[in-house]
Each structure stands twice: as C-alpha cells, then as structure tokens.
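Open the model in your viewer and keep the selection panel handy.

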Amino acid sequence: MKPARFTYHAPRELGEALELLREHGDEAKVLAGGQSLMPMLNFRLAHIDHLVDINRLGAQWSEPTFGAETITIPALVRQRQVERSAEAASLLPVLTEALHQVAHPQIRNRGTVCGSLAHADPAAELPSVLTVLDAKFTLASARGVRTVAAEDFFLFHLTTALEPDELLLEVSVERPGANQFSAFREFATRRGDFALAAVAAVCEVDTTGVVTACRIAAAGVAPTPQRLTDTEQLVVGQRLGPDLGAAAEATARAQVDPTGDIHASAAYRARLTGVLVKRALADIQEKAHA
C-alpha cells in the first residue's frame with residue numbers, strides 16, 4: 001500500500017520547522033529517519049495532512065557531542081553513528097550494546113536515536129536504556145524549549161510527553177564515572193525482531209565490589225519502560241555474585257505484570273525478565289572485576 005495524500009515540507013531552519021509544527025499541530029508528523037513512521041503511513045495505520053522533513057536542518061543536529069560533563073545526541077544522529085562510535089562504546093557501552101540489537105543494519109543506517117525515543121514503542125531497546133541512564137529530553141517548539149526527564153517522557157504505549165507542536169531536539173546524559181558499569185540483555189525469537197523482554201542495567205560499584213547505586217529497567221513487559229525498583233533496592237549495598245543474582249531474578253520476576261500474546265505468555269515474559277536481570281548483573285560483575 002501507499003500512504004494517503006499529504007503535504008510535504010522540507011524546512012532548512014529549526015525555526016521554520018517549529019513554525020510548521022505550530023501551524024499544523026496534530027495534523028503534522030516529523031520525519032527524521034522514518035523507519036517507524038513510513039511503514040505506519042504506508043499501511044495506513046496513521047494518517048497525516050502534513051509531513052515535516054527535518055533532514056535539512058543542518059550538520060549541528062547530525063553529530064553527537066561528548067563533553068566533559070554531558071553527552072548529547074541531537075535529533076538527526078543515526079543509530080548506526082552511535083553504534084559505531086568508539087567514544088560511545090567507551091562511555092555508554094549499554095547504549096552500544098542495545099543498538100546492536102535494534103532491527104537490522106539497514107534500519108539503523110537511517111533510523112535516528114531520537115526518532116526511536118519519540119516513537120516510544122515499549123518493546124524497543126532505546127527507551128529502557130535512556131531511562132536507566134537518567135537521560136534528559138530537550139523538547140523545542142515555537143513557544144520555547146523545555147527539558148523532561150526520561151521517566152516523565154514515556155507516558156503510555158506509543159505516547160510521550162511531546163505536545164503536537166514540539167520536536168524532540170536532543171537527548172543528553174551525564175558523563176559516567178569510572179565506577180559505573182552497565183549491561184543490556186534481551187531475548188527475541190529472531191534476530192532483529194522486537195524483544196519478548198529486555199533489561200538494561202546500570203550500577204555503580206565501589207572498590208570493594210559493593211553496589212552503591214543501581215538502576216534497572218525492563219522493556220516489553222509494560223506500556224512504558226518499567227523501572228524495577230524492588231530489584232534495585234535489593235542490589236544496592238550488596239556484593240555482586242551468584243546468590244545476589246538468584247535473589248534479583250526472583251524479585252524482578254515478581255515485580256513485572258506483563259500481558260501475554262501470540263508470541264509469549266505473561267508468565268513466560270515474567271520469568272524471562274528475571275533471567276535477563278540475573279544475566280545483566282553477571283555481566284556487570286564481570287566488567288567491574290576486569
């Protein structure tokens with residue numbers, strides 16, 4: 001199928017793009033990579049009157065920056081750029097690990113990091129990763145700019161805090177300390193498919209091997225990335241190891257309440273979440289002791 005008729009806009013300045021969104025609101029959609037939007041339009045799962053293509057806004061929105069305090073990923077940074085970045089692999093390995101699992105290389109070549117976040121599929125990898133990284137989302141409109149925390153950005157299935165006239169301009173995370181270690185684990189029935197469940201974890205581990213801070217989020221088991229706060233509280237103050245991993249598995253399994261579908265039952269997804277948490281913590285232990 002082909003999409004229904006729409007008016008195509010190709011602004012060359014950010015202000016022009018934001019004015020188009022102000023003018024057309026709910027009737028407009030933003031095109032960056034289009035790897036989620038275009039299939040929805042082609043299958044007529046979504047109908048729009050105006051398409052705002054932001055790919056001509058300029059190079060300043062196409063390159064990540066690795067500052068002394070903050071790492072920033074603007075709206076037009078492709079997933080493949082970050083996946084192949086040596087700096088990203090060194091500073092944000094959990095993001096690199098997750099990007100390896102996103103669809104296929106052809107998709108990642110065009111799909112943008114911010115586009116995936118704005119799409120907000122609860123089974124996607126990036127929302128859970130940016131949640132555990134405690135990311136900040138910069139939203140711009142003709143009315144001004146505001147910043148939203150990751151946990152306030154994702155509201156429901158395919159629903160975010162973005163207003164109809166707003167653009168996700170960039171996402172930023174604090175540069176991690178040397179004592180921060182992370183891991184990403186997922187299980188999908190086929191390589192490139194959406195995960196039946198996925199887990200992103202970030203822990204701070206002191207010199208004695210004790211976890212001093214922990215953030216864990218699961219994907220594919222709730223309408224948004226789900227923070228596993230009970231599991232986090234269990235892990236903090238403990239030394240990573242098999243006993244803690246087993247306890248964390250049981251706690252995570254009890255904390256999630258996923259729905260079942262033709263791909264997996266609710267019980268299977270809950271059990272899988274626990275297993276992935278245990279494996280992610282084992283990965284972090286290995287990295288911390290390397």
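## Stop 1

The largest pocket holds about 1,200 Å³ of space. Of its 45 lining residues, select Ser36, Leu37, Gly115, Ala118 and His119, the closest to its centre. Then colour the elements that give two or more residues to this lining: strand 2 (28–31), helix 2 (37–42), helix 7 (113–119), helix 8 (125–132), strand 9 (159–160) and strand 10. Helix 7 gives the most, with 5 residues. By class, the lining of the largest pocket has 24 nonpolar, 14 polar and 7 charged residues.

A few words on terms and on the model. This is a predicted model, in which local features need pLDDT of at least 70 and side-chain atom pairs count only at pLDDT 80 or more, while totals for chains, interfaces and linings use all residues. Residues are numbered from 1 along each chain as its sequence is written, and side-chain values use heavy atoms, with hydrogens and water left out. Pockets and cavities are found on a 1 Å grid over the protein atoms alone: a cavity is a set of points where a 1.4 Å probe fits but cannot get out, a pocket is an open set with protein on both sides within 12 Å along at least five of seven lines, and lining residues have an atom within 4 Å of a point. Grid points are joined across faces, edges and corners, and a volume is the space filled by probe spheres set on the points. Ala, Val, Leu, Ile, Met, Phe, Trp, Tyr, Cys and Pro count as nonpolar, Asp, Glu, Lys and Arg as charged, and the others, Gly among them, as polar. Helices (H or I, at least four residues) and strands (E, at least two) are DSSP runs, numbered from the N terminus.

Now move to the second largest pocket, with a volume of about 410 Å³. It is lined by 17 residues, and Ala123, Phe194, Asp261, His263 and Arg269 lie nearest its centre. Its lining divides into 8 nonpolar, 5 polar and 4 charged residues.

## Stop 2

Select the open sheet of 5 strands, ordered 4-5-10-6-7 with antiparallel pairing (two strands pair if DSSP finds at least two bridges between them). At its edges are strand 4 (65–66) and strand 7 (144–149), each pairing on one side only. Strand 6 (residues 136–141) is joined to strand 7 by 6 bridges, and alanine 140 stands opposite valine 145 there.

Which strands each supply at least two residues of the lining of the largest cavity? They are strand 5 (70–74) and strand 10 (167–174), and strand 10 provides the largest share, 3 residues. Show Ile71, Ile73, Leu92, Leu95, Leu130, Val171, Ser172 and Val173 to see the lining. The volume of this cavity is about 40 Å³, and the lining has 7 nonpolar residues, 1 polar and no charged.

## Stop 3

Next, pick the open sheet in the order 11-12-13-14, whose 4 strands pair antiparallel. Its edge strands are strand 11 and strand 14 (226–227).

On one side, 8 bridges join strand 12 to strand 11 (residues 180–187); look for phenylalanine 181 opposite cysteine 203 and glutamine 180 opposite glutamate 204. Strand 12 also pairs with strand 13 (residues 211–219) over 8 bridges, with valine 205 opposite valine 211. In the hairpin of strand 12 and strand 13, glycine 209 takes a positive phi near 90 degrees.

Val205 and Gly209 return in the lining of the second largest cavity, along with Arg239, Leu240, Gln285, Ala288 and His289. About 30 Å³ of space lies in that cavity.

## Stop 4: helix 12

Finish on helix 12 (residues 266–288). Its buried residues include Arg269, Leu272, Val275, Leu276 and Ile284. Among the elements that cover the buried residues of helix 12 are strand 11, strand 12, strand 13, helix 10 (229–235) and helix 11 (242–255).

Definitions and conventions. Buried < 20%, exposed > 50% of the residue type's maximum accessible area, 1.4 Å probe, protein only. Contact = heavy atoms within 4.5 Å.
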